[in-house]
Amino acid sequence: MAHKKEEYKEDCYGDEVREHILEFAEQGFESIPEDEYDKWFTRFKFWGLFHQRDGQESYFMMRLTNASGVLEPGQLRAIGEVARDYATGPIENPEFGNGFLDLTTRQSVQLHWIDLEEVPDVWGHLEAAGVSSRSAGGDTMRNISGGALAGKIDEYVDSLSLLEEFQEELRGDDALANMPRKFNISATGSKDGSAQDSLNDIGFEAARKEIDGETVKGFNVRVGGGLGGRKPRAATPLDIFVTPENAYEVGRGFVQLYHDYGNRTTRAKNRSRFFVQDWGEEKIRETLQEEYVDFELKTAGEDFREEYTYNAGRPPGDGRGDYVGVGDQSDGKNYVGLTVPVGRLPAEDAIGIADLADEYGSGEVRLTRRQNCIITDVPDDDLEALLEEPLVSKYPPEPSVFDRGAMACTGTEFCSIALTETKARMAKMLRWLNANVELPDDVEHIHMHYSGCTADCGQAMTADIGLQGMRARKDGEMVEAFDIGVGGGVGEDPSFVEWIQQRVPADEAPMAIKRLLEAFAAHRSEGQTFRQWVEATGTEALVEFCEPAESDFDAPYMGDGKQAWYPFADGVADSESKSSAAPSDD
């Protein structure tokens with residue numbers, strides 16, 4: 001029997017959902033029958049609208065889409081203006097105030113505190129700048145990820161045109177809107193692996209193959225990658241090499257195959273990674289050939305995975321681990337990668353970055369898979385002046401090692417399944433680590449990722465130090481806590497963290513991390529990265545190094561227990577929230 005969400009989608013999904021959203025927006029949030037919330041909120045997600053956690057009734061998160069993180073001139077400004085004018089809630093976040101946007105790990109943007117009644121105006125403002133929320137959520141093809149500087153830096157094979165074709169032709173096809181579950185596509189044309197193809201449902205990675213005596217540039221294909229549920233899986237080779245001319249057909253073929261044959265019964269086991277495990281790569285390849293592509297598939301070529309450096313835990317001398325800092329473009333201009341710790345930008349700062357992009361570059365801004373942003377197309381003559389701008393010093397291209405490596409998901413602030421607060425806590429923890437931990441000068445990256453639960457939207461599984469939100473009992477009370485894992489990262493051979501401490505109360509975790517980092521600094525070999533050190537250090541020793549303890553760290557929000565309608569609203573219980581949080585006429 002199909003899952004009930006399949007019934008919801010079969011009756012109404014894809015592009016037609018938009019008209020219903022507009023009708024509900026006109027009539028007000030109360031026009032949605034309470035006993036139909038699950039049905040309509042399931043459908044709303046296709047248009048990027050996610051109802052916020054219980055108690056925040058009538059407020060939505062809106063997720064946007066922009067393939068490969070490309071924000072064309074004027075688009076970041078439009079998003080910032082929407083955040084300023086519409087993404088404001090009844091209580092300020094103590095770290096970030098009111099009116100902000102979140103940069104995501106899929107190179108896009110999320111807006112919070114959006115009133116359903118204001119969605120038409122929000123769409124109007126965004127779409128006038130070419131920004132869309134279509135297919136940004138739900139059981140469909142999500143935002144397509146790629147190299148953040150595709151088309152700006154030297155690539156072995158062009159990927160931007162393929163990404164654009166996927167965006168316009170494949171994701172734009174309403175007949176494929178209703179997938180069994182969310183589906184992620186990526187393509188990397190460079191040799192650094194910055195699209196992190198191993199984490200996607202289908203990934204295209206730069207490769208070459210000898211065909212008829214000539215070296216042909218193209219892509220190898222991997223399928224079935226993904227995180228979450230403590231069952232991560234790196235995408236595996238499909239043993240297919242495609243030229244740029246036929247890559248789209250293979251991508252479309254696998255999407256259709258999963259659309260047609262994917263499990264629509266058990267949602268806990270119907271992501272494509274389970275589908276690939278069940279079918280096996282050989283059967284998938286044979287079915288693609290027989291039913292979905294019109295040309296003869298070629299076996300895989302030679303990839304460049306041994307050269308991958310993006311979040312790969314390799315020494316700085318091997319190449320860039322991210323796009324933070326100043327770098328050369330292939331046209332002789334420069335890009336400037338800014339650090340946005342935990343990915344959160346106040347609206348005015350987003351508008352300010354758009355202004356800087358206009359003044360010093362082409363106006364285009366790129367977003368990375370590490371929740372940062374890049375100003376592109378900066379001439380040499382203007383570079384120094386840009387770097388001296390006050391706003392650039394706030395989001396510096398040369399940040400601390402902790403700020404540079406930090407990522408965090410949404411957490412209990414808005415998410416109904418999270419177990420802990422994330423972004424404000426991580427911001428405080430970064431300040432504490434910066435003040436209390438010294439690392440050798442040659443340590444450039446400590447990637448610390450924080451997910452509020454095991455869904456792992458913050459990609460804790462791929463971090464040097466991964467934190468996943470849990471609950472624990474301390475002094476007779478339930479408090480917010482972390483599981484702490486180490487040694488994750490992508491690259492040539494993706495690895496996922498080993499959990500060395502579990503259910504550590506949130507006020508004891510910073511000291512555990514501090515002790516672990518001090519052990520790393522004391523015992524590492526010269527030039528050894530954190531990931532390399534973890535691989536060389538036994539589990540027993542790592543557990544001993546990472547000993548929890550209280551410290552002078554001021555641990556906020558530990559006792560919220562998800563009872564408050566908003567973690568930062570002291571003493572407001574969930575039972576009170578429906579009358580105080582979100583009247584539709586606010």
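Predicted model: local features only at pLDDT ≥ 70, side-chain atom pairs only at ≥ 80, totals over all residues.

Biologist: Which residues of helix α7 are buried?

Modeller: Helix α7 spans residues 247-261 and reaches 21 Å from its first C-alpha to its last, close to the 21 Å expected at 1.5 Å a residue. The helix is mostly covered, with 11 of its 15 residues buried. Those buried residues of α7 are A247, Y248, V250, G251, R252, G253, F254, V255, L257, Y258 and H259.

Biologist: In which strand is the place of W113, and is W113 buried or exposed?

Modeller: W113 has a positive phi of about 65° although it is not a glycine. The place of W113 is in strand β5 (residues 109-115). With a relative accessibility of 1%, W113 counts as buried.

Biologist: What is the strand order of the open sheet with mixed pairing, and by how many degrees are its neighbouring strands turned on average?

Modeller: The open sheet with mixed pairing has 5 strands, and their order is β17-β18-β19-β20-β21. At its edges stand β17 (406-408) and β21, each with a single partner strand, so that one side of each is left without a neighbour in the sheet. With direction ignored, neighbouring strands of this sheet are turned against each other on average by 25°.

Biologist: Why is strand β20 described as largely enclosed by the rest of the structure, and which residue of β20 does Q468 stand opposite?

Modeller: Strand β20 (residues 477-486) is largely enclosed by the rest of the structure because 8 of its 10 residues are buried. It pairs in the antiparallel sense with β19 (residues 465-474) over 10 bridges, and in the hairpin of these two strands, which has 2 residues between them, D475 takes a positive phi near 50°. The residue of β20 that stands opposite Q468 is D483.

Biologist: How many bridges join β20 to β21, and what is the bridge partner of I484 in β21?

Modeller: Strand β21 (residues 498-505) runs antiparallel to β20, and the two are joined by 5 bridges. G485 stands opposite W499 in β21, while the bridge partner of I484 in β21 is Q501.

Biologist: Which helix lies across β18, β19, β20 and β21?

Modeller: Helix α14 (residues 423-436) lies across β17, β18 (448-451), β19 and β20, running at about 155° to β18. The helix that lies across β18, β19, β20 and β21 runs at about 20° to β20, and it is helix α15 (residues 509-523).

Biologist: How many aromatic pairs does the count come to, and how many residues apart in sequence are the parts that W533 and F545 tie together?

Modeller: The count comes to 38 aromatic pairs. One of them is formed by W533 and F545, which are stacked at 5.9 Å centre to centre with 25° between the planes. W533 counts as buried at 2% relative accessibility, whereas F545 counts as partly exposed at 24%. Because W533 lies in helix α16 (residues 530-536) and F545 in helix α17 (residues 539-545), the pair ties together parts whose separation in sequence is 12 residues.

Biologist: Over the ring of which residue does the charged end of R18 sit?

Modeller: K217 lies over the face of Y156, at 4.8 Å from the ring centre. The charged end of R18 sits 4.9 Å from the centre of a ring, and that ring belongs to W47.

Technical notes:
Residues numbered from 1 in each chain as written. Heavy atoms only, no water. Buried < 20%, exposed > 50% of the residue type's maximum accessible area, 1.4 Å probe, protein only. Helix = DSSP H or I, 4+ residues; strand = E, 2+ residues; numbered from the N terminus. Pairing = 2+ DSSP bridges. Phe/Tyr/Trp six-rings, centres within 6.5 Å; stacked < 30°, edge-to-face > 60°. Lys NZ or Arg CZ within 6 Å of the ring centre and 35° of its normal. Axes fitted to C-alpha atoms, helices over the stretch in contact; angles between N-to-C directions. Contact = heavy atoms within 4.5 Å. Expected span 1.5 Å × (residues − 1).
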